[in-house]
Amino acid sequence: MHVTPPRVKGWTPLLLLICLTVTLGTTVPVGYFFGVLNAPAEIIKKWCQDILASEYDTIVTAGQLDILWTSIVSIYLIGGICGSCFSALLSDKYGR
């Protein structure tokens, strides 16, 4: 007769170690990607300003340009979250 051991509820030391490792381990790549995204920030802001001026005849202030840039960065992060949520489903459905 096979007896299964009782399940441990709550935070086990192994679960705590895994959570801390994952949390701290992701700070390096996220910080790197922010650096990669923010390195050309002034060039992209200038491009946005030029496009808004030439295509839409709109002159934006520095504050408005900063809000536009923060929106672009936020959308980049939201896209990363959505991509990570749906990547397993899409790769299983359409192939890797």
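I began with K46 and D50, which both lie in helix α3, 4 residues apart, about one turn of the helix. A helix here is a DSSP run of H or I with at least four residues, a strand is a run of E with at least two, and both are numbered from the N terminus. My model is a predicted one, where local features need pLDDT of at least 70, side-chain atom pairs count only at pLDDT 80 or more, and totals for chains, interfaces and linings use all residues. Residues are numbered from 1 along each chain as its sequence is written, and side-chain values use heavy atoms, with hydrogens and water left out.

**Entry: the K46 pair.** I looked up how K46 and D50 meet, and they form a salt bridge with the closest N and O atoms 3.1 Å apart. A salt bridge needs a side-chain nitrogen of Lys or Arg within 4 Å of a carboxyl oxygen of Asp or Glu. K46 is partly exposed, with a relative accessible area of 46%, and D50 is partly exposed too, at 36%. My cut-offs for these words are under 20% relative accessible area for buried, over 50% for exposed, and partly exposed in between (1.4 Å probe, protein chains only).

**Entry: the other salt bridges.** How many salt bridges does the rule give? I noted 3. E42 pairs with K45, and their closest N and O atoms are 3.8 Å apart. These two residues are 3 apart in helix α3, so about one helical turn separates them. E42 counts as exposed at 56% relative accessibility, while K45 counts as buried at 14%. K45 also meets D66 in a salt bridge, 2.9 Å from N to O. That pair links distant parts of the chain, since K45 sits in helix α3 and D66 in helix α4, 21 residues apart. D66 is partly exposed, at 39% relative accessibility.

**Entry: the helix itself.** I then followed α3 from end to end. The helix covers residues 41-56. Its 16 residues reach 21 Å from first C-alpha to last, close to the 22 Å expected at 1.5 Å a residue. That expected span is 1.5 Å times one less than the number of residues.

Entry: Which residues of α3 are buried? I found A41, K45 and C48. Seen down the helix axis, they fall within an arc of 60°, so they line one face of α3. The arc is taken from the directions between the helix axis and the C-beta atoms. These buried residues pack against α2 (27-38) and α4 (62-94), with contact meaning heavy atoms within 4.5 Å. On the face turned away from the buried side I found the exposed residues E42, I43, W47, S54 and E55.

**Entry: the whole chain.** I stepped back and saw 4 helices and 0 strands. The radius of gyration is 22 Å, well over the 12 Å that the globule rule gives for 96 residues, so the chain is more spread out than a compact globule. The radius is taken over C-alpha atoms, and the rule is 2.2 Å times the number of residues to the power 0.38. Along its principal axes, the C-alpha trace spans about 80 × 35 × 20 Å. Of the 96 residues, 9% count as buried.
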